[in-house]
Amino acid sequence: MAKQSKRYRALAEKLPADALTLKDAIVLLKSFNTTKFDQTVEIAMRLGIDPKQADQLVRGALVLPHGIGKIQRVIVFAKGDNVAVAEEAGADEVGAEDLAKKIKGGWLDFDVCIATPDMMGMVGPLGRVLGPRGLMPSPRAGTVTPDVARVVKEYKAGKVEFRNDPTGIVHAVVGRLGFEADKLEDNIRAFVDHINGLKPQAAKGTYVRSVNLSATMSPGVQVAL
């Protein structure tokens, strides 16, 4: 277990024994903003699903109302007319064989990878590199699409991807500590509502088991929703 800093231990002592309302949790979390940089805020939702069952996986993407406080670097695998379309939409880099070769060479300086369906034969072999980093284009996440302009603009506007981990927890970035409290609340509620709407029919019992908020260098705050 990593050794916790004196600062972290001092913040952890402020945590209440019981879960807080969302508004109170945000107030407490924002009081942890004692660093020289604007910390990223993340949400972790423990779900009552069986991650080993394909029909109980929770995965997708959504555009948060106020973005995530970061301009994401987006690359696109495309050819023909879609190259200009992706560039005009704001893609940071667009390519085909050249882009695949660059990634195989170790270049991973991007946050989102999008591909048109006709490029997946080329992108597929990159799965060993992109997959473990959560960068592999996926139809389910909406990053394999013929409508590259719309998807590029969505990610530039603050769209986030998510998928449950092997323990049934969904993690996602929902903003920055520097956001106004009401904007953080809007983003968090939008994410929670979206996850609630994705409840697998095969899931039994309580669906949302717990919700925690944390920042880059802060302890987690349990939220009652």
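1. Basis of the values. The model is predicted, so local features need pLDDT of at least 70 and side-chain atom pairs count only at pLDDT 80 or more, while totals for chains, interfaces and linings use all residues. Residues are numbered from 1 along each chain as its sequence is written, and side-chain values use heavy atoms, with hydrogens and water left out.

2. Aromatic pairs. Rings of Phe, Tyr and Trp (its six-membered ring) pair if their centres lie within 6.5 Å, and planes under 30 degrees apart count as stacked, over 60 as edge-to-face and the rest as tilted. By this rule there are 2 aromatic pairs. With ring centres 5.2 Å apart and planes at 45 degrees, Trp-107 and Phe-110 make a tilted pair, and both Trp-107 and Phe-110 are buried (buried means under 20% relative accessible area, exposed over 50% and partly exposed in between, with a 1.4 Å probe and protein chains only).

3. The pair across the chain. Phe-162 and Phe-191 form an edge-to-face pair, 5.4 Å centre to centre with 80 degrees between the planes. Phe-162 belongs to strand β6 (residues 159-163) and Phe-191 to helix α8 (residues 181-196), so that this pair links distant parts of the chain, 29 residues apart (helices, H or I of at least four residues, and strands, E of at least two, are DSSP runs numbered from the N terminus). Phe-162 is buried at a relative accessible area of 3%, and Phe-191 is buried at 0% relative accessibility.

4. A charge at Trp-107. The charged end of Lys-102 sits over the ring of Trp-107, 4.2 Å from its centre; the rule asks for NZ of Lys or CZ of Arg within 6 Å of the ring centre and within 35 degrees of the ring normal.

5. The largest pocket. Its volume is about 610 Å³, where a pocket is an open set of points on a 1 Å grid over the protein atoms alone, fitting a 1.4 Å probe, with protein on both sides within 12 Å along at least five of seven lines, and lining residues have an atom within 4 Å of a point. Of the 25 lining residues, the closest to the centre are Gly-134, Val-160, Glu-161, Phe-162 and His-171. The elements giving two or more residues to this lining are β1 (40-47), β2 (59-63), β6 and β7 (169-176), and β6 provides the largest share, 5 residues. At least three lining residues come from each of domain 1 (16-68 + 158-223) and domain 2 (74-156), with domain bounds taken from an automatic or database domain assignment.

6. Lys-104 lies in helix α4 (residues 97-104) and is exposed, with a relative accessible area of 60%; its C-alpha is 9.8 Å from that of Arg-128, 24 residues away in sequence. Leu-130, in helix α6 (residues 127-130), is buried at 0% relative accessibility, and Leu-130 and Ile-103 are 27 residues apart in sequence and 8.7 Å apart in space, C-alpha to C-alpha.

7. Two loop residues. Asp-38, in the loop between α2 (22-30) and β1, is partly exposed at 33% relative accessibility, and its C-alpha lies 5.9 Å from that of Gly-178, although 140 residues separate Asp-38 and Gly-178 in sequence. Pro-51, in the loop between β1 and β2, is partly exposed at 23% relative accessibility, and Pro-51 and Gly-106 are 55 residues apart in sequence and 31 Å apart in space, C-alpha to C-alpha.

Note on methods
Points joined across faces, edges and corners; volume = space filled by probe spheres on them.
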